[in-house]
Amino acid sequence: MKNILLYCLFICILNSGCKKDFLGRAPISDTDTENFYRSPEDMLQAVNAAYSYLRENGQYGQTLYAVGEVASDNTEILDAQAGIDISQIDDFTTLTNNGLLDDMWNHHYKGILSCNAVIDRIGNVAMDEALKNRYIAEARFLRALMYFNMVRTFGDIPLVTKEILKPEEGYAYTRNLSTEVYEQIITDLEFAAQTLPIRYAAADLGRATAGAARGLLAKVYLTRQNWEQAATQAKLVIDLGIYMLMPEYADVFAISNKNGPESLFEVQYKKGGYGLGSPFNNRFAPRQSGQLVSTIGAGTGHNHPTAEMASVYEVGDKRKEAAMAEGYQNGNQFVAVRYVKKYLDPALFEAGDADNNWPILRYADILLMRAEALNELGYTPNGEAFELLNQIRKRAGLSEKDATTLPDQVSFRDALAQERRVELAYENHRWFDLVRTGRALEVLGQKGENIQSHQLLFPIPQVQIDINPDQIKQNPGY
């Protein structure tokens, strides 16, 4: 048997769980798995383990901002010492052994395995049926989110919907068509939307809700260009009546407002030396800034806003000051190196241990998705799509748009794309927006990026092909 089985994408036995604390995580050894999953408490730990994978480097910890932002025209890497793997993604020179993409594959499939374990095992546990269904729905929401990120990044991928218990089972899986993956995502999210609660008590804030499932469904349908369903799902979120735009844009990202009224779903972080803090305070600080930006520990130099990104904010747009800085002060000298401010913790515990959550779905995104879907269904002068767009602009301190300034569907489409870019900047949306709207090659090509059409998908990690060459083939062009 090949020793590289140890590295196979989704063939590892579940090897981690969580403390009862929603954020905490403690190991569950292989020998424990047969005697685990017996009680409601065991299942809670297993569900929490699935959530914990969102924090991994291969998910929201690093790779998703490398793909979602650095690959786009929003941010860049200024020197290779910030990391060769992320520099490859920035320059469209990505190799098949790229470590970030390898982490993405492994950490997503480990998370999916964790979700599948909950779904498959919970049926034999004696517990309250409503709570059992809620745990299943949480696991299915997380599985859908992970598959959504994977299918958008790699295209056709293995679709695994049951717990794999033996390494040999993994060799049977090939790459399913992306259409099949999307069908499973939609099925999972529909179940989650119909089963999950609308809100939780304070102790469970941050768990997936019905609104989060509907919001993610809207994004899935938008990606699939099913405008009718995208508009419907976004409207269902709006009609819940529990979400709102916060009065000030900067307040959305304040640590004191984590899981606030604008939030549908966030990756949960908790500083304090527990291994649960967020790394972005240091990741996004300029490399040569010492502790002037990060306050504790050095900066990694990731996700620098591009000069063009800094220029696209309209005069008077409050979002620029809240989202990014043009540089930092070093004594009497101003150092003009741009950096992202959304995830700065003014009182982090230690380097790489901050308290900022990562926003995955916000109410502002819901409003913009419905506006986009309505416009694609048919331009209506000064109709609802304008009203939704202007809610976002008014909060930013900008003038409203009307049919005089946006007289047709194309002009509204362009304005909506601009609004999405600045409203959701540095939240991992830009690359995926460019790809799904068919604008990536044109936009990035005009900015001098040497991007080819096959690079709209990223390469399958070579190690996965080496492990299972009969079933896993590389994306064309790599």
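Guide: Ala, Val, Leu, Ile, Met, Phe, Trp, Tyr, Cys and Pro count as nonpolar, Asp, Glu, Lys and Arg as charged, and the others, Gly among them, as polar. By class, the second largest cavity is lined by 9 nonpolar, 3 polar and 3 charged residues. This is a predicted model: local features need pLDDT of at least 70, side-chain atom pairs count only at pLDDT 80 or more, and totals for chains, interfaces and linings use all residues. Residues are numbered from 1 along each chain as its sequence is written, and side-chain values use heavy atoms, leaving out hydrogens and water.

Visitor: What makes a space a cavity?

Guide: On a 1 Å grid over the protein atoms alone, a 1.4 Å probe fits there but cannot get out. The structure holds 6 cavities of 30 Å³ or more. The volume is the space filled by probe spheres set on the grid points, which are joined across faces, edges and corners. The largest cavity has about 170 Å³.

Visitor: Which residues lie closest to the centre of the largest cavity?

Guide: Val252, Phe253, Glu266, Asn357 and Pro359 do, out of 17 lining residues. Lining means having an atom within 4 Å of a point. Strand S4 (263-267) and strand S10 (358-362) each give two or more residues to that lining. By class, the lining has 7 nonpolar, 5 polar and 5 charged residues.

Visitor: What surrounds the second largest cavity?

Guide: Its lining has 15 residues, with Tyr60, Asn149, Arg152, Ile360 and His429 nearest the centre. The space is about 130 Å³. Helix H6 (129-154), helix H8 (210-223) and S10 each supply at least two lining residues. H6 gives the most, with 4.

Visitor: Why is H13 called largely enclosed?

Guide: Buried means under 20% relative accessible area, exposed over 50%, partly exposed in between (1.4 Å probe, protein chains only). In H13, 14 of the 15 residues are buried, so the rest of the structure largely encloses this helix. Across the chain, 57% of the 478 residues are buried.

Visitor: Is Tyr37 buried or exposed?

Guide: Tyr37 has 5% relative accessibility, so this residue counts as buried. Tyr37 sits in the loop between strand S2 (26-27) and helix H1 (40-52). Its phi is positive, about 55°, although Tyr37 is not a glycine. Most residues other than glycine have a negative phi.

Visitor: And how is Phe92 placed, buried or exposed?

Guide: At 8% relative accessibility, Phe92 counts as buried. The loop between helix H4 (84-91) and helix H5 (99-121) holds Phe92. Phe92 too is no glycine, yet has a positive phi of about 60°.

Visitor: Why is Arg287 called partly exposed?

Guide: Its relative accessible area is 24%, so Arg287 counts as partly exposed. Arg287 lies in the loop between helix H10 (280-283) and strand S5 (304-305). Leaving aside residues up to four places away in sequence, Arg287 touches Asp79, Gln81, Ala82, Gly299, Thr300 and Gly301. Contact means heavy atoms within 4.5 Å.

Notes. On a 1 Å grid over the protein atoms alone, a cavity is a set of points where a 1.4 Å probe fits but cannot get out, and a pocket is an open set with protein on both sides within 12 Å along at least five of seven lines; lining residues have an atom within 4 Å of a point.
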